[in-house]
Amino acid sequence: MKKPTTNRGQNDNGYTLVELMIVLGILGVLASWAIPQYFDYVREARRADAIGSLNRVLAQQELFYSNNGSSYTAFVASLGYNAYSGNADTTLSEDGYYAIELANCAAPNDDARTCIQLQATPVAGRSQTKDGECAVIAVNSMGRQTALRSDSSSNHTECWN
């Protein structure tokens, strides 16, 4: 008499549903960690747009200062930039993630003739508004670099590194 055949011992070329669910679960855990890390990295990398633009505008301010009677200007058009959103003292950064604003320095005796401050703030509606660590990045003509967190007014110098 012949023995009935069974599937035991045969190689099936496939995966079970349990194995697939385990792999999907592992991928889900990895994605839940990796995606926020990626977006944090992108936000940090985009800070270079603010810092580079601040340095370029400051260099233009220094050129204006040396060419025009030892005073700075409060108008971005005087530096060769387009005004942003109708503000004569504001322009967009090179990649458009930040608004660069010209302002007087904070010290009470400073004015636009002796000191100018440039501030980069994220443009509303763009992804950089979620960068709470470096909500305002600033530099003045005296070389002071500052950055403010979105939840306080404390200086956060790590944004410039």
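This is a predicted model: local features need pLDDT of at least 70, side-chain atom pairs count only at pLDDT 80 or more; totals for chains, interfaces and linings use all residues.

Student: OK, how many disulfides does the structure hold?

Tutor: Two. Cys105 is joined to Cys115, with an S to S distance of 1.7 Å, and Cys134 is joined to Cys159 at 1.6 Å.

Student: And what pattern do the disulfides follow along the chain?

Tutor: Counting the bonded cysteines along the chain, the pattern is 1-2, 3-4.

Student: Is the disulfide of Cys105 and Cys115 left-handed or right-handed?

Tutor: The torsion about that S-S bond is about -70°, so the disulfide is left-handed. Cys105 and Cys115 both sit in the loop between β2 (98-104) and β3 (116-122), ten residues apart.

Student: What about the torsion for Cys134 and Cys159?

Tutor: That link has -90° about the S-S bond and is left-handed. Cys134 is in the loop between β3 and β4 (136-140), while Cys159 is in the segment after β5 (145-148), 25 residues apart.

Student: Are Cys134 and Cys159 buried or exposed?

Tutor: Both Cys134 and Cys159 are buried. Cys105 is buried too, as is Cys115.

Student: Switching to the strands: in what order do they form the sheet?

Tutor: It's an open sheet of five strands, ordered β1-β2-β3-β4-β5, with antiparallel pairing.

Student: Which strands stand at the edges?

Tutor: β1 (90-92) and β5 do. Each has a single partner strand, so one side of each has no neighbour in the sheet. On average, neighbouring strands are turned by 20° against each other, direction ignored.

Student: Over how many bridges do β2 and β3 pair?

Tutor: Seven, in the antiparallel sense. Tyr98, for instance, stands opposite Pro122 in β3.

Student: What holds paired strands together in general?

Tutor: Strands of a sheet pair through backbone hydrogen bonds, parallel or antiparallel.

Student: Last topic, the surface. Which residues form the nonpolar patch?

Tutor: Leu17, Val18, Met21, Ile22, Val23, Leu24, Ile26, Leu27 and Leu30. Together they have about 920 Å² of accessible area.

Student: Let's pick Leu27. Where does Leu27 lie?

Tutor: In helix α1, which covers residues 17-67.

Student: And what is the relative accessible area of Leu27?

Tutor: It's 48%, so Leu27 counts as partly exposed. The cut-off for exposed is over 50%.

Notes:
Residues are numbered from 1 along each chain as its sequence is written. Side-chain values use heavy atoms; hydrogens and water are left out. A disulfide is a pair of cysteine sulfur atoms within 2.5 Å. Helices (H or I, at least four residues) and strands (E, at least two) are DSSP runs, numbered from the N terminus. Buried means under 20% relative accessible area, exposed over 50%, partly exposed in between (1.4 Å probe, protein chains only). Patches are made of residues with over 30% relative accessible area and no salt bridge: like charges are joined within 9 Å, nonpolar side chains (Val, Leu, Ile, Met, Phe, Trp, Tyr) within 5 Å. Accessible areas come from the Shrake-Rupley method with a 1.4 Å probe; for residues, only the protein chains shown count as cover. A salt bridge is a side-chain nitrogen of Lys or Arg within 4 Å of a carboxyl oxygen of Asp or Glu. Two strands pair if DSSP finds at least two bridges between them. Axes are lines fitted to C-alpha atoms, for helices over the stretch in contact, and angles run from 0 to 180 degrees between N-to-C directions.
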